[in-house]
Amino acid sequence: MSEKRIRVLVAKAGLDGHDRGAKVIAQALRDAGMEVIYTGLRQTPEQIVEAAIQEDVQVVGLSSLSGAHMQLFPPVVQLLREQGAVDVLVIGGGVIPMEDIPYLKEAGLSEIFTPGTSTEDIAKYIKDRV
Amino acid sequence: MFDYNVVKTLKIQKTEWDKMVRSRSDRFPQRKTEFKTDSNLPVEALYTPAEISGLSFDELGFPGEYPFTRGVQPTMYRGRLWTMRQYAGFGTAEETNERFKYLLEQGQTGLSVAFDLPTQIGYDSDHPLARGEVGKVGVVIDSLMDMELLFAGIPLDKVSTSMTINSPAAVILAMYIALAEKQGVAPEKLNGTIQNDILKEYVARGTYIFPPQPSMRLITDIFAYCAEKMPNWNTISISGYHIREAGSTAVQEIAFTLADGIAYVDAAVKVGLDVDEFAPRLSFFFNAHLNFFEEVAKFRAARRLWAKIMKERFGAKDPKSWMLRFHTQTAGSSLTAQQPDVNIMRVAFQALSAVLGGTQSLHTNSRDEALALPSQSSVLLALRTQQVIGYEIGVTDTVDPLGGSYYLEALTDSIEMGAADYIAKIDELGGAVAAIENGFMQREIQQSAYTYQRQIESAERIVIGVNKFLLDAEMPRDLLKVNPAVADSQVEKLKILQNSRDQRQVADALRSLRTVAQTSQNIMPALIGAVKAYATLGEICDILREVFGEYRQQVLL
């Protein structure tokens, strides 16, 4: 082991069942050399944070395509910070209107990737920051 | 179908022609070294009778006759156009009721209800897991009271209603029956469909509640109940749509859907139902994706393969049991957030493929669906797209107008064969339920989805606006926003209902539901009793969760 691999938690927040994007990104990040843990469906913000801390990840990738991102993404950042995980990079993706992005960034998400983003760009984004 | 000697000569001539084309390839190179469909089927430069020389006319048949390759009705759209049915639902029952009435005024011919996720997973709006999801991807239904508001002013004997509900399908159907009774409409007069397809929820869509076994029991209870009381009701819509949206190929879509269909028929036969009693009410739901001819061929292949399965494998005797009737929706996953007006064109071609494939009903997606739920003007444009196909361009004037195209017939054959191979493999694994439990279908789909994404990123697959013909600046749009106060007002409404109903009646109804759930008696009457007492969807599903247990997804990656 020359360098420690980046650890990423890919999480499906809320009741949304659209996991194609989350799984494709998980697989792409794995192919890009990262260690990826995928939560599966129906995770509450509390469960996501618990998994992130338990798995000691540097990055949490949140996915929602059901329109619940405004209610479900910010609490993940907040709970992570409350539990002292201040360095964990939180990013999000899904069907997210442009106008919601400023609010999410203000809430502590470092980037929101909308439909059409290439997985390479996401991998590069993570590598540049972790 | 063709004269043996003619084909023999043609094969020699075709070989010569291929040689000639290759010899000129230095001067006239082709755009790609290999041409393939989305299912990876090779596409040749030219099709002639030589490529379909093995096809007999029996494999095509006449429309309305076995094996239904050319369509399920003798006259198809010369008799009546398909049902134009836009999937709709958001916010409260009152808001969705307005959208329904608008669509009916605009010439839509059937309703299609989208429910929000808490409803689809059997939680009331005040459940902690409903946080952020109430009224978002569909309308919220907590109780019969919401159903009354949803269909206010819509006579249920005059409209056909499709409801995208799976795990709690029996509960929502019970509400629909109870609502009809209040309107004075008998169950046998009701027309419509419940999706009721749990297997694809485990594979691709995710709104499961109970484990496979009790879920299959709920489904066969519905089959039995409707066979007796609701002759015009489609008891299930066996869905490839979501399998395709999750990333499968066209061949996998057909294969996994029909394999799921086989599992439902098996389950119903096993509990003692006669196949011809329930099979005529089975219906299907497919995706219309981008690869135009492959999609048309897919619909035709699905019809032929299902007819053979029902006749040969299950020994069904009623021709109605052999017919694969289906709804189609255009491919949501093919829409782009970039240059969203381009989606209008994608949808039009996809819708045309569904019509040329002989669909019974159709939903056309709206241009803004990669961004949000569709706005009213976008939905109208999507509906108008169907109306242009139906009324202006003449494709509805003859049955199966592409039938006999050498390319299309060759593709229809290849898709049927590819799907039959998959079904044989699933049989070997012990059937669809086993193939889902061991993750076979999920892995196959995931692999296809990943390949598809890689092809986009390498620009081997062109997506206009994403990896070719990009615009520097995107136009802002007016998107539909679900009113964030919906959740609060709905929770308030739920509280009022729970405080004003006859509590004893609710408790009694839930108690008898529990008793019935523990036996093998048909569950429908007890569910109808519970919804009539205004027990909520969440209360009813909680009882069933206690008796049946909950499904735990196995996370595969």
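Predicted model: local features only at pLDDT ≥ 70, side-chain atom pairs only at ≥ 80, totals over all residues.
Residues are numbered from 1 along each chain as its sequence is written, and chains are lettered from A and ligands numbered from 1 in the order in which they are written.

In chain A, helix H2 covers residues 45-54, and A:Pro45, A:Ile48, A:Val49 and A:Ala52 are buried in this helix (20 or more other C-beta atoms, placed from the backbone, lie within 10 Å of a buried residue's own, 12 or fewer of an exposed one's, and partly exposed lies in between). Helices (H or I, at least four residues) and strands (E, at least two) are DSSP runs, numbered from the N terminus. The buried residues of H2(A) line one face of the helix, because they fall within an arc of 95 degrees when seen down its axis, the arc being that of the directions from the helix axis to the C-beta atoms. On the other side of H2(A), A:Glu46 and A:Gln54 are exposed.

In chain B, all seven of the seven residues of strand E8 (282-288) are buried. B:Leu282, B:Phe284, B:Phe286 and B:Ala288 point one way, whereas B:Ser283, B:Phe285 and B:Asn287 point the other way. In a regular strand the side chains alternate between the two faces of the sheet. Four bridges join E8(B) in parallel to strand E7 (236-239), with strands counted as paired if DSSP finds at least two bridges between them; here B:Ser239 is the bridge partner of B:Phe285. Five bridges join E8(B), also in parallel, to strand E9 (326-330), where B:His327 stands opposite B:Phe285.
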